[in-house]
Protein chains: 2
Amino acid sequence: MHILNLDANASLPPTKAAKDALIASLDLEGNPSSPHRLGRAQRRLMDQARAAVAHAMGGHEKEVFFTSGASEGNRWLVDAVLATGNLKVWSTTLEHPSLAKPLERCQKVSQPEQADIIFATAAHNETGLITDWDELIQRTKPDAILVSDISQAMGRLDPLPQRIDALVCSAHKIGGFPGVGAVLLRHRAKTLKAPWTGGGQEGNLRPGTEALNLIIAFGAAAADIGAMREANQALAPLRDHLEQALLKAWPSAKRTPEHGNRLPNTTAITLSGVDGEALRIQIDTVGVCVGFGSACSALAPEPSPSLLSLGLTPQEARATIRFSLCPGTTREIVEEVIGRLCTLIFVAIHVTIHLWIQ
Amino acid sequence: MHILNLDANASLPPTKAAKDALIASLDLEGNPSSPHRLGRAQRRLMDQARAAVAHAMGGHEKEVFFTSGASEGNRWLVDAVLATGNLKVWSTTLEHPSLAKPLERCQKVSQPEQADIIFATAAHNETGLITDWDELIQRTKPDAILVSDISQAMGRLDPLPQRIDALVCSAHKIGGFPGVGAVLLRHRAKTLKAPWTGGGQEGNLRPGTEALNLIIAFGAAAADIGAMREANQALAPLRDHLEQALLKAWPSAKRTPEHGNRLPNTTAITLSGVDGEALRIQIDTVGVCVGFGSACSALAPEPSPSLLSLGLTPQEARATIRFSLCPGTTREIVEEVIGRLCTLIFVAIHVTIHLWIQ
C-alpha cells in the first residue's frame, strides 16, 4: 500500500535544493568557530545561509542566529524574558507546547494591552489559523516587544510586518532538515538579556557548534522560499476539495474552527462521538498519514489545549484530524485519500457494532 | 597550497560510514514523534542509532537521549542541577566553556570530598589531559552524582567506569556531523529533575524535533567506534614525533603540561616570549590548521582559563598551539607540517626584527 503523506505541518519532505546542498557539504572539514582557513571557509558558507534565511524571514542577516529548531528558539526567548525580569507576558491560546509550557514560568496578563511582551504564533500548527497581527498590533502598547513563531507560516505566507521584534522558525517546516532553526531579533527584542552562557558561537547568543551541514541546506531551502509560498498557495483549492468531500461523507464532521483565515494547505476536521484513538489507528491502517495534535505531543494522551481553547470538548479535541498538504500533493493523491477514508468510516461503524454485540 | 588539518579536537572530518548513512537518509519523510507509519519508521531508525551511540558511550539505549551537541548536554545538566536544588558542585579547572560558564550559577565547593555532584571532563580538549577517574572516585562521597563530558575521549579511549552517572558527548568529535549529541543518565543521575518543558520528545527530557538525519549518521559513526579508537591510538607515535621535532626546532618551546596522561592524538606546545596572535596568523599563512584555545571560544581574545589553571601566564596561554591529529593523518603530513612550521619561525623572527627597526 502506498503511503499518502498529508502531514506537512509535522515535517515537510526536504526539497531537492536542500538535499543537493547537504550532499555538496559532506566533505567540509573544520569548525566555523576556528579562526584558521578551514574555519573561515565554513563561516563564509554559514553566513551565506544566514543571509538567505534572514531574507526569507523578512529581516537582515545581522539579526539572525541559528538554533537547533523552533522549540529551542521558543525556549531561548522565554529564558530571555526571565533573565531580563519584570516583563508582563501575554500569549495566544494557540501557541505550540514548546512555547506554551516554558511560558508557564512567566508573569502572565490576560489582555494584550497590559503586556510588555506579546507572543502570538503567525499560524497555528493544528488548525492553520492565522493570527491577525495588524489587529493585534493595534491592541498592544507602542513599546511592547512583539514575538511570533513563524514555523508554519514562513513557507506559506508573506513575511510578517516589520513591527514584530522577534521571529522564531524551523528549517524542516520549509523544506530543510530537522535539527536547525533560527531566531531573528531586532528593534526592542535586542533589549532582552541573552540567557545562555558557554562558547561564544552565534554572537555569544547560542553556545554550541553550529549544525553546519543542516544550516547550508536550510539556506538552500530558504533561497527558494518564493516558490515554496506559491506552491503552498496553489494547494488551497485541493485542500477545499478534500474538506468538502469529507464533511459531506461524514455526517458528524465539522471544520475546526468554522471561521477564520487559515493556511492554504491545512484543515482540521472534528468528528463528534467518535473515539479519537480508534480513529487514529484506523486512518493509519489505510496508509494515510495525518496529524492528531501537534506531532511533538502526539504520543501523549492529553487532548490538545489549543483545540480545547477553541471550544472543543476533550472527546472532540481527540477526534480532530489535521490534514496538511505538501507542495507535492496532487489531485490524484487527494482523491485517493478521500477514497480510503470513506472505506475507513464503514470499518469504524462495523467495529463499533461488533463490540456492542459482544 | 594544500591545507593540513591538525585540528581534530575542534571537529573531526566525518567518516565515510557517517556520510553514507546521511545520504541514505535524505528521502525519509515525516516526524519521529508522529504515531503514524512514517513517524514509526523514523523512530525505529532513531532507536537503532540510539543503541549504537549508547554502546559506544558504554551504556544502554534506554539511558540515552539526543541533544544538539555537547554544549547543550552540558547546559541541560547544569539546569538540572539548578532545578533539583541544594546540590553542592565540584568541577575540574579543565572543563569546556559550555560547562564552566553555566556552572558559575551553581553552588561550588573547593574539594571533591564535599560535593554532591562532580563534573570532570574525561579528556581536556586543549591539552589532551586525561582525568584519572579511578582516583577521583576514591575522593568522592559514595552517593555523589558523577558527570563527565566524554566529547574528546569517546573516539579515543575505552568507556569510563560504570560508576559515572552521567555522560555528555557530541557526534562531530567521533566522525559524525555537528548539530547532534547525546546525554546518558543512569543510577543517581536519574534523580536529577528534568529542567526543560515543551514537546514530549526524547522521553520528555529534551523538547524539539530530533535531528533525524544527523542522528542516523551519528549512529553509523558510533557503530565504528572500535576502529576509531584503534586509529586514534595508532597516532601516538606520530604525535610524539611531531612534538619532539618542534620542541627541538623551537628553543623557547615546552609541552603543556609537562607531565600527565594524554589523548594519543593531542599535544599542546607553548612558546614563551612569542605573541600568540601573530603566531596564529603565521601558522595559518602556511596552511596548517591547529587550535588556539577551544574552537568555541577561539574568536575571543581572552587567554584560556584552563591553560591559566595549569600555571601558564596569559602570554603563554595565548601562545599555546594545540596540535590534534586526525585518524587520517599520515607521517607525510606530519613531516610537511614540521617543514612548514620551521620556515614559519624564521618568518616570525624576521617580522619581529623588521617591526623593531621601524
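Predicted model: local features only at pLDDT ≥ 70, side-chain atom pairs only at ≥ 80, totals over all residues.
Residues are numbered from 1 along each chain as its sequence is written, chains are lettered from A in the order in which they are written, and side-chain values use heavy atoms, with hydrogens and water left out.

In chain A, three strands form an open sheet in the order 9-10-12, with antiparallel pairing; strands (E, at least two residues) and helices (H or I, at least four) are DSSP runs numbered from the N terminus, and two strands pair if DSSP finds at least two bridges between them. Strand 9 (253-255) and strand 12 (320-324) of chain A are the edge strands, each pairing on one side only. Strand 10 (residues 266-271) of chain A is joined to strand 12 of chain A by five bridges, and T267(A) has F323(A) in strand 12 as its bridge partner.

Turning to chain B, R50(B) sits in helix 2 (residues 37-57). R50(B) counts as buried because its relative accessible area is 10%, where buried means under 20%, exposed over 50% and partly exposed in between, with a 1.4 Å probe and protein chains only. Leaving aside residues up to four places away in sequence, R50(B) touches E61(B), V64(B), F65(B), F66(B) and E202(B), contact meaning heavy atoms within 4.5 Å.
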